Protein chains: 2
Amino acid sequence: MGIQLTTELCQAFNIRYPIFLAGMAGIPGVKLAAAVSNAGGLGTLGAAYMTPEAIRKAVHEMRELTQAPFGVNLFSTRLTDDNTRVDEAQRELNKIRDQLGIAQALEGGVSTPNHFAEQFAVLLEERVPVISTAFGLLPESCLQQAKAAGIRIVTMVTTVKEAMLAEQAGCDAIVAQGSEAGGHRGTFDISEHPMGANIGAMALIPQIVDRVRIPVVAAGGIMDGRGLVAALALGAQGVQMGTRFLTALESGAHEAYKDALLNSTEESTVITKAFSGRPARGIVNAFIEHWHDSGVEPLPFPTQNTITRDIRNAAAEQSNAAYMSLWAGQGTRMLTNRQKAEEILAEIVGQANAILG
Amino acid sequence: MGIQLTTELCQAFNIRYPIFLAGMAGIPGVKLAAAVSNAGGLGTLGAAYMTPEAIRKAVHEMRELTQAPFGVNLFSTRLTDDNTRVDEAQRELNKIRDQLGIAQALEGGVSTPNHFAEQFAVLLEERVPVISTAFGLLPESCLQQAKAAGIRIVTMVTTVKEAMLAEQAGCDAIVAQGSEAGGHRGTFDISEHPMGANIGAMALIPQIVDRVRIPVVAAGGIMDGRGLVAALALGAQGVQMGTRFLTALESGAHEAYKDALLNSTEESTVITKAFSGRPARGIVNAFIEHWHDSGVEPLPFPTQNTITRDIRNAAAEQSNAAYMSLWAGQGTRMLTNRQKAEEILAEIVGQANAILG
């Protein structure tokens with residue numbers, strides 16, 4: 001039969017190439033997502049941390065920049081703050097605030113706003129082409145509304161069990177996230193897997209493909225045409241790439257973050273809960289080391305994320321990568337610098353075609 | 001150009017298919033290794049824990065069973081016992097010994113015999129076709145003797161840096177071990193990576209291929225023809241498979257171990273030092289849970305391995321998988337039961353050819 005680059009996924013999502021941009025929350029990404037969509041992939045806005053108003057604005061901007069399909073990514077998980085140990089955590093973070101010269105945290109708990117219903121409502125009103133989620137399935141009522149509106153639904157999974165749940169719920173495709181992937185682990189229930197279910201893509205993809213009929217999009221450590229062909233050989237119908245596009249010309253990632261990515265190797269990353277309370281893969285830096293050395297258990301998501309935000313923001317303002325979250329996958333030696341997204345896609349497809357001969 | 005199953009690796013190692021059997025120490029493996037070699041792969045004896053006499057006997061048996069090339073695998077690492085906390089560790093293990101109804105450990109340190117020089121001398125005398133090592137390079141003098149004797153040298157690596165060291169040392173090929181792999185992590189220096197360098201194969205293989213010129217053999221989570229084609233797409237010239245062959249008809253693995261493998265999923269394994277003092281991936285069982293819950297830090301390799309041996313042996317005699325080391329990779333849903341090694345190889349190659357069309 002042979003491996004074909006134009007898969008059913010391309011038809012189902014109306015895209016030229018079976019390449020999704022990962023939704024990367026916290027990184028300004030309209031230009032990058034639009035560029036990926038214009039180049040024939042599926043650009044994705046990482047909207048999880050955006051207000052509903054900001055999402056609407058970004059979707060409008062997307063539509064000015066591209067006629068092609070695109071996705072919007074949200075976190076689908078309960079967002080209840082757990083402030084039982086917040087003062088202990090803040091004491092530790094205040095040492096870092098001292099180093100950055102920013103204000104100490106006040107005593108007492110935090111309250112993370114939960115915008116999910118409004119975020120979703122905007123996506124539904126705007127009839128965005130694709131909604132993707134991490135950390136869990138869309139709530140059933142949302143999923144039905146979205147499907148009724150003709151919106152394609154994608155869920156990120158990290159195990160066979162999660163993949164089967166996503167198929168049963170009616171998702172149009174799943175992203176199977178290997179342990180190599182940068183950023184948050186998509187694992188639904190981290191009480192079961194405290195540091196995420198971390199199955200390497202080489203093992204995860206075929207085991208999922210064997211048990212679901214919807215298209216599987218492979219993620220984790222895929223950086224070029226070799227990774228694309230490998231994913232297709234394993235039975236995936238496409239790939240999702242985040243890290244590769246972080247250093248693209250259109251990427252909104254901080255320059256200090258891009259430098260850290262370009263100077264990293266396959267040995268540079270760890271999976272940590274220090275930034276957000278959920279396990280995520282990033283380049284080891286002073287923040288992670290400080291937190292791990294403290295011995296303080298991170299607060300659960302989203303509370304840890306909320307209490308570390310001022311530090312990450314201040315570090316970004318100071319261009320100090322030591323205290324920013326430097327999400328990265330394990331393939332960073334394959335990064336290229338300041339390539340246009342269009343060139344990256346063309347290079348990946350060209351290399352894949354050359355391998356397929 | 002297209003992907004070819006017959007690679008330079010096949011020529012260099014005089015094998016029909018670019019498929020190595022992993023050297024699996026502690027599992028009786030002459031029949032399995034001979035069957036893999038006879039079927040066109042490279043069978044490997046896991047000889048690390050064998051006495052020099054036992055190795056010589058096994059090599060002679062191999063030569064009676066096959067005319068084809070085969071490899072013998074050793075651990076290349078310093079073997080100095082560290083008994084500073086041995087009584088603390090034995091106290092914990094004595095609780096398990098009670099449960100198994102076996103004798104308590106005597107007080108005082110252990111002394112692990114270091115057979116490496118004699119093991120290597122046998123392989124040199126016997127002119128085995130291939131010597132492969134885990135945990136590090138062959139010592140330089142050994143490497144030169146082996147090469148002078150026409151023996152091919154293979155080293156397992158887990159990072160780009162290790163791969164470059166292996167190439168510089170003059171190895172004929174490297175096995176790039178992804179984090180998915182079962183059994184011991186091949187990482188050279190575990191003071192640098194206490195739980196091993198755990199890079200998923202999807203990211204590790206191409207990054208190594210980009211930096212060495214010797215053939216790269218991909219390992220980790222590869223279970224069938226899909227994994228073989230994926231590895232070749234990533235730039236490897238072959239694959240090494242261990243887990244897939246553990247449930248083969250010729251496998252010497254304990255029946256209780258085989259049952260545990262066949263009942264496991266991609267979520268079943270962890271990387272633990274509990275059995276040997278070196279990080280290794282295996283199926284979570286009561287032994288691992290007991291040890292982790294104890295909070296006692298495992299003694300360094302080989303001391304932890306030596307003090308847990310009576311427990312593992314007793315558990316095997318009692319067919320009690322709860323206290324055996326159940327090394328396994330992350331792809332165990334793809335296992336088949338009691339297939340002949342020859343059928344496994346034919347199935348892998350047939351599937352790979354079908355994918356390549």
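Modeller: Two residues are in contact if their C-beta atoms, placed from the backbone, lie within 7 Å of each other. Between the two chains, the contact takes 39 residues from chain A and 40 residues from chain B. The model is predicted: local features need pLDDT of at least 70, side-chain atom pairs count only at pLDDT 80 or more, and totals for chains, interfaces and linings use all residues. Residues are numbered from 1 along each chain as its sequence is written, while chains are lettered from A and ligands numbered from 1 in the order in which they are written.

Biologist: What makes up the side of chain A that touches chain B, by class?

Modeller: That side has 19 nonpolar, 15 polar and five charged residues. Ala, Val, Leu, Ile, Met, Phe, Trp, Tyr, Cys and Pro count as nonpolar, Asp, Glu, Lys and Arg as charged, and the others, Gly among them, as polar. Helices H8 (201-209), H9 (225-233) and H14 (341-356) of chain A each supply at least two residues. H8(A) gives the most, with six residues. Helices (H or I, at least four residues) and strands (E, at least two) are DSSP runs, numbered from the N terminus.

Biologist: How do you know through which surface the copies meet?

Modeller: Of the interface residues of chain A, 100% are also interface residues in chain B, so the copies meet through the same surface.

Biologist: What rotation superposes chain A on chain B, and why does it have a name?

Modeller: The rotation is 180°, with 0.0 Å of shift along its axis and an RMSD of 0.0 Å. That is the relation of a two-fold axis. In chain A, the C-alpha nearest the axis belongs to Ala230(A), 1.9 Å from it. The copies are superposed by least squares on the C-alpha atoms of residues with pLDDT of at least 70 in both.

Biologist: What makes the phi of Arg127(A) worth a remark?

Modeller: Most residues other than glycine have a negative phi, and most peptide bonds are trans. Arg127(A) is not a glycine, yet has a positive phi of about 45°; this residue lies in the loop between H5 and S4 of chain A. Phe135(B), also not a glycine, has a positive phi of about 75° and lies in the loop between S4 (130-134) and H6 (140-148) of chain B.

Biologist: How do you know where the buried residues of H6(A) fall, seen down its axis?

Modeller: The buried residues of H6 (140-148) of chain A are Cys142(A), Leu143(A) and Ala146(A). They fall within an arc of 100°, so they line one face of the helix. The arc is that of the directions from the helix axis to the C-beta atoms. Exposed residues Glu140(A), Ser141(A) and Ala148(A) sit on the face turned away from the buried side. The buried residues pack against H5 (116-125), S4 (130-134), S5 (152-157) and H7 (160-169) of chain A.

Biologist: What makes S1 and S2 of chain A edge strands?

Modeller: Two strands pair if DSSP finds at least two bridges between them. Eight strands of chain A form an open sheet in the order S1-S9-S8-S6-S5-S4-S3-S2, with parallel pairing. S1 (19-21) and S2 (43-46) each pair on one side only. Neighbouring strands are turned by 25° against each other on average, direction ignored. S1(A) and S9 (238-241) of chain A pair in the parallel sense over three bridges, and Phe20(A) has Gln240(A) as its bridge partner in S9(A).

Biologist: Which strands does H7(A) lie across?

Modeller: H7(A) lies across S5 and S6 (173-177) of chain A, running at about 165° to S5(A). Axes are lines fitted to C-alpha atoms, for helices over the stretch in contact, and angles run from 0 to 180 degrees between N-to-C directions.

Definitions and conventions: A residue is buried if 20 or more other C-beta atoms lie within 10 Å of its own, exposed if 12 or fewer, and partly exposed in between; C-beta atoms are placed from the backbone.
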